[in-house]
Amino acid sequence: MADFACSGHKAIIIMSVVSSAPDKKEQIFRGIGVSPGVVRGRIVVLDHDQNEEPPRRHIPESELPAELDRLQSALANTRREISDIQNQVEKNLGSSESAIFDAHLLVLEDSTLIHEVKRFTQTENVNVDYAFHTVAEKYAQALGSVEDEYLRERAADIRDVTNRVLSHLCEHNLQDLSHLTEPYILIGHDLTPSQTASLDRELAQGFATDVGGKTSHTAIMAGSLGIPAVVGLKDASENLDTDDYVLLDGFNGVLVVNPSDQTLFEYGQLEKEQEDLQVKLAEIKNAPAITLDGREITLSANVEQISDTAAVLDCGAQGIGLFRTEYLFLDRQALPNEEEQYVSYHRVAKALAPEPVIFRTLDIGADKISHAIGETDEANPFLGWRAIRFCLARKDIFRTQLRALLRASSAGNVKLMYPMISGVEELDEANELLEECKRELREENIPYDKDLEVGIMIEIPSAVLTANALGARAKFFSIGTNDLIQYTLAVDRLNEKVADLYDPTHPALLSLLQMTIDAGKRHNIWTGVCGEMAGDVAAVPLLVGMGVDELSVAPTMLPQIKYLIRKLKYTETQKLAQQALECESSVDVLVQTRAMVQRAAPGVFHTVL
Ligand code: PEP
Ligand code: MG
């Protein structure tokens, strides 16, 4: 819905100084706008298959030991991955099929190969991924050209294993962009959330990808970095070349190659309107999010990285409604230990005190993969080993995090919530472990907040349907609409091919939202929304009218959500919500809610092209 919503972020329109090429024809690609703002400038197109041939990088002598460590852990992760697959195949197909993978494991244990990779890395001072590829390819080519069929097949094994090792070594490394010194707009087939997090904020002015949906974590990360972004452009990256000149519109999900004078003029108008809106947003920065007739909504911020806390303080949020702790676990070879986690959580809590900080326990899995944990090859990762399911299976990792969070709670303003709770058993089991951790800390004389509030995310339909039982055991509900929509409508949140089915105003979804809020009220606990729907201006009147107590949104979106709430009448939003719940068509709901926003706060919607 937010395709038409303008952001409250101050860098709304960044016009590059590089001029357009007037002789070339304008070409428009349409996708999904996931992070607001407009930029224009030259593009850099990432190689489509980054793992095929890693770029050669010079590694200084002092960094060689770390480089070789990277190799060791990639080998260990690959070994684990192949063994997992082998076990799975043995279970499903039998041992003769699974024996194929013995050959793969043997490649990993081939001391001649590994030794040569290490020697090549050290003597040539190169990155291990480049060394591994070069050495392994030499072996594969030699084997591939012999007469013996058995040996020729070993060449395929080597290439297969090489690709696996390289995926562990390269996955989170962006193609080397360090030589670039001028601002650029990044175009790629795909980016992972941690690649997005590691973009150079000074130089990367925006990005666009062929794949992805509105609530992919790559999109969410772009929003919190304040980098305009468009995803789901299908095959745009194949049709573009580095140095093409584009205009990227993150509001409307449009990428314009060689924008015409007319297009540039229209965007100039948008820039002016946005400047006017910014002035109004700045005026209410410290005002409450209260409707014209006195209904106050708590407005908190969603945070992925510790460095985002400054933006939270700056945007006028009343605390952090969702701290995605898993980002501390991504893009690294070893898990953060209790002390490191404690220091990070405590620092955030202290920075925000006395405002509350809701830490969500580890939601790893699906599109958030940690090298330190190792990869699992799952057919349906969003339905698989993710979030609380992973934590309850790996209590060693969960316990470390719970202890760190409990210790951080001594700051006094910490709350905790569990992701992906599907029913009471998981909540009870998580709480049991939490109590155990509290007991340990008491015995060790380590302080924690005895009144720590523990809530849950409601993001699976089964949680909504058991909300009465869950509400008796939780201090608050925070609705994760990103997942609740995908699980209710059976629409993969990452898949641009079904993006038009990802429908926040679907009658089924609205009923589930109302059921959750009602269950919360019956138990006298508050209910918030921390999915992207909370930051969608078109959805806000509905959520307010249904009776949510809190909305947690990206800091870049927060000022305009507050602006809108302050222009709404609660009684009118209640009527709107009531009508919406009786409506059979999501389009009709959208038309009505948009009309209300348009009447109350013209200026927060804008469409160009
Ligand atoms: C959600 O599902 O709405 C949510 C906030 O969690 P995440 O996007 O991290 O899955
Ligand atoms: Mg979720």
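Trainee: Let me start with one side chain: is glutamate 109 buried, partly exposed or exposed?

Mentor: Burial is read from relative accessible area: under 20% is buried, over 50% exposed, and in between partly exposed (1.4 Å probe, protein chains only). Glutamate 109 has a relative accessible area of 48%, so it is partly exposed. Before we go on, a word on the ground rules. This is a predicted model, in which local features need pLDDT of at least 70 and side-chain atom pairs count only at pLDDT 80 or more, while totals for chains, interfaces and linings use all residues. Residues are numbered from 1 along each chain as its sequence is written, chains are lettered from A and ligands numbered from 1 in the order in which they are written, and side-chain values use heavy atoms, with hydrogens and water left out.

Trainee: Which side chain does glutamate 109 meet in a salt bridge?

Mentor: A salt bridge is a side-chain nitrogen of Lys or Arg within 4 Å of a carboxyl oxygen of Asp or Glu. Here the partner is arginine 79, at 3.7 Å from N to O. Arginine 79 sits in helix H1 (residues 64-93) and glutamate 109 in helix H3 (residues 100-109), so the bridge ties together parts 30 residues apart in sequence. Helices (H or I, at least four residues) and strands (E, at least two) are DSSP runs, numbered from the N terminus. Arginine 79 is partly exposed as well, at 29% relative accessibility.

Trainee: How many salt bridges are there by this rule?

Mentor: The count is 30. One of them joins glutamate 444 to arginine 403, with the closest N and O atoms 2.8 Å apart. Glutamate 444 is in the loop between helix H15 (424-443) and strand S14 (453-458), and arginine 403 is in helix H14 (residues 395-408), so this pair ties together parts 41 residues apart in sequence. Arginine 403 is buried at 9% relative accessible area, whereas glutamate 444 is partly exposed at 40%. Both belong to a network of salt bridges that also includes Glu338, Arg399 and Glu440.

Trainee: At what angle do helices H10 and H21 pack?

Mentor: Two packed helices are described by the angle between their axes and the distance between the axes. Axes are lines fitted to C-alpha atoms, for helices over the stretch in contact, and angles run from 0 to 180 degrees between N-to-C directions. For H10 (residues 261-283) and H21 (residues 558-565) the angle is about 75°, with the axes 9 Å apart. The two are therefore roughly perpendicular (65 to 115 degrees). Leu277, Lys280 and Leu281 of H10 make the contact (heavy atoms within 4.5 Å) with Pro559, Gln560 and Tyr563 of H21.

Trainee: Which protein donors does the magnesium ion (ligand 2) have?

Mentor: Donors are N, O and S atoms within 2.8 Å of the metal (3.2 Å for Na, K and Ca); water is not among the atoms, so sites may look incomplete. The magnesium ion has Glu459 (OE) and Asp483 (OD), lying 2.0 to 2.1 Å from it. Glutamate 459 is in the loop between S14 and helix H16 (461-465), while aspartate 483 is in helix H18 (residues 481-489), so the pair ties together parts 24 residues apart in sequence. Glutamate 459 is buried at 2% relative accessibility, and aspartate 483 is buried with a relative accessible area of 2%.

Trainee: How many residues of helix H8 are buried?

Mentor: Nine of its nine residues (217-225).

Conventions
Angles under 35 degrees count as roughly parallel, over 145 as roughly antiparallel, 65 to 115 as roughly perpendicular and the rest as oblique.
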